[in-house]
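Biologist: I would like to learn how to read this structure one feature at a time. Please begin with a single residue.

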Amino acid sequence: MAFQILLNVFLGFLWMFFTMSYEPVAFFKGYLFGMVILFTFRRFFGSRFYLGRVIAIISLGLLFIKELILSNISVLKLVLKPKLDIKPGIFALPTVLEKDWEITILANLITLTPGTLVVDVSDDNKILYIHTIDMDDAQEAIDSIKNTFEKAILEVSR
């Protein structure tokens, strides 16, 4: 991915030099033409076209912001209730993520979301133990994390 981005930047600068126009607009045009060229020759690269991964990273960030806002609202509702009727609990989340950085990102996203905290990761990196402030159904929480964060991380990494 990094090679493709650098090659695209190089093609943008090359376009600027060929057109003898050293303005940002000329670089942007060259960058877009370079993107078309890289997309055309994508089968010669060892990895997938980089724009798909960039879009997946952006969608992961937007997903985190959405989940952050929703969890803030749910924690705020819990705190503002006159009677504190929470059911804290710890559940085990089996994960299909294999690389250390994928598991780290998942653990950080879960921990940064209010109301949840990754307490431990198993020795084989297959299970995350998560504490939640209000747990109605453990399977619902597992499905929610698997269908949002884990799925988005898989789109970025594979």
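Modeller: Take glutamate 98, which is exposed, with a relative accessible area of 57%. Exposed stands for over 50% relative accessible area, buried for under 20%, and partly exposed for what lies in between (1.4 Å probe, protein chains only). The model is predicted: local features need pLDDT of at least 70 and side-chain atom pairs count only at pLDDT 80 or more, whereas totals for chains, interfaces and linings use all residues. Residues are numbered from 1 along each chain as its sequence is written, and side-chain values use heavy atoms, with hydrogens and water left out.

Biologist: Where is glutamate 98 found, and which residues is glutamate 98 in contact with?

Modeller: Elements come first: helices (H or I, at least four residues) and strands (E, at least two) are DSSP runs, numbered from the N terminus. Glutamate 98 sits in the loop between β1 and α4. Contact means heavy atoms within 4.5 Å. With neighbours within four places in sequence left aside, glutamate 98 contacts Ile103, Lys126 and Arg158. There is also a pair to note: 26 residues separate glutamate 98 from aspartate 124 in sequence, and their C-alpha atoms are 9.5 Å apart.

Biologist: What does proline 94 touch?

Modeller: Proline 94 has its place in strand β1 (residues 89-94) and is partly exposed, with a relative accessible area of 40%. Not counting residues up to four places away in sequence, proline 94 touches Lys126, Ile127, Lys146 and Glu150.

Biologist: How are two packed helices described?

Modeller: By the angle between their axes and the distance between the axes. Axes are lines fitted to C-alpha atoms, for helices over the stretch in contact, and angles run from 0 to 180 degrees between N-to-C directions. A crossing is right-handed if the near helix is turned clockwise from the far one by less than a right angle, and left-handed if anticlockwise. Here, the axes of helix α4 (residues 100-112) and helix α5 (residues 138-157) come within 10 Å and cross at roughly 145°. This crossing of α4 and α5 is right-handed. On the α4 side, Trp101, Glu102, Ile105, Leu106, Leu109 and Ile110 make the contact, and on the α5 side Ile145, Phe149, Glu150, Ile153 and Ser157. Sorted by class, the contact has 8 nonpolar, 1 polar and 2 charged residues, where Ala, Val, Leu, Ile, Met, Phe, Trp, Tyr, Cys and Pro count as nonpolar, Asp, Glu, Lys and Arg as charged, and the others, Gly among them, as polar.

Biologist: How many residues does helix α1 have, and how far does α1 reach?

Modeller: The expected span of a helix is 1.5 Å times one less than its number of residues. Helix α1 (residues 2-19) has 18 residues and reaches 26 Å from its first C-alpha to its last, close to the expected 26 Å. Buried in α1 are Gln4, Asn8, Leu11, Gly12 and Met16. Seen down the axis of α1, its buried residues fall within an arc of 140°, so they line one face of the helix; the arc is that of the directions from the helix axis to the C-beta atoms. They pack against α2 (24-40) and α3 (50-80). The face of α1 turned away from this buried side carries the exposed residues Ala2, Phe3 and Leu6.

Biologist: Which residues of α3 are buried, and what covers them?

Modeller: In α3 the buried residues are Tyr50, Ala56, Leu60, Leu63, Phe64, Glu67, Ser71, Val75 and Leu78. Their cover includes α1, α2, α4 and α5. On the α5 side, take threonine 148, which lies in that helix. Threonine 148 counts as buried at 16% relative accessibility and touches Leu63 and Glu67, not counting residues up to four places away in sequence.
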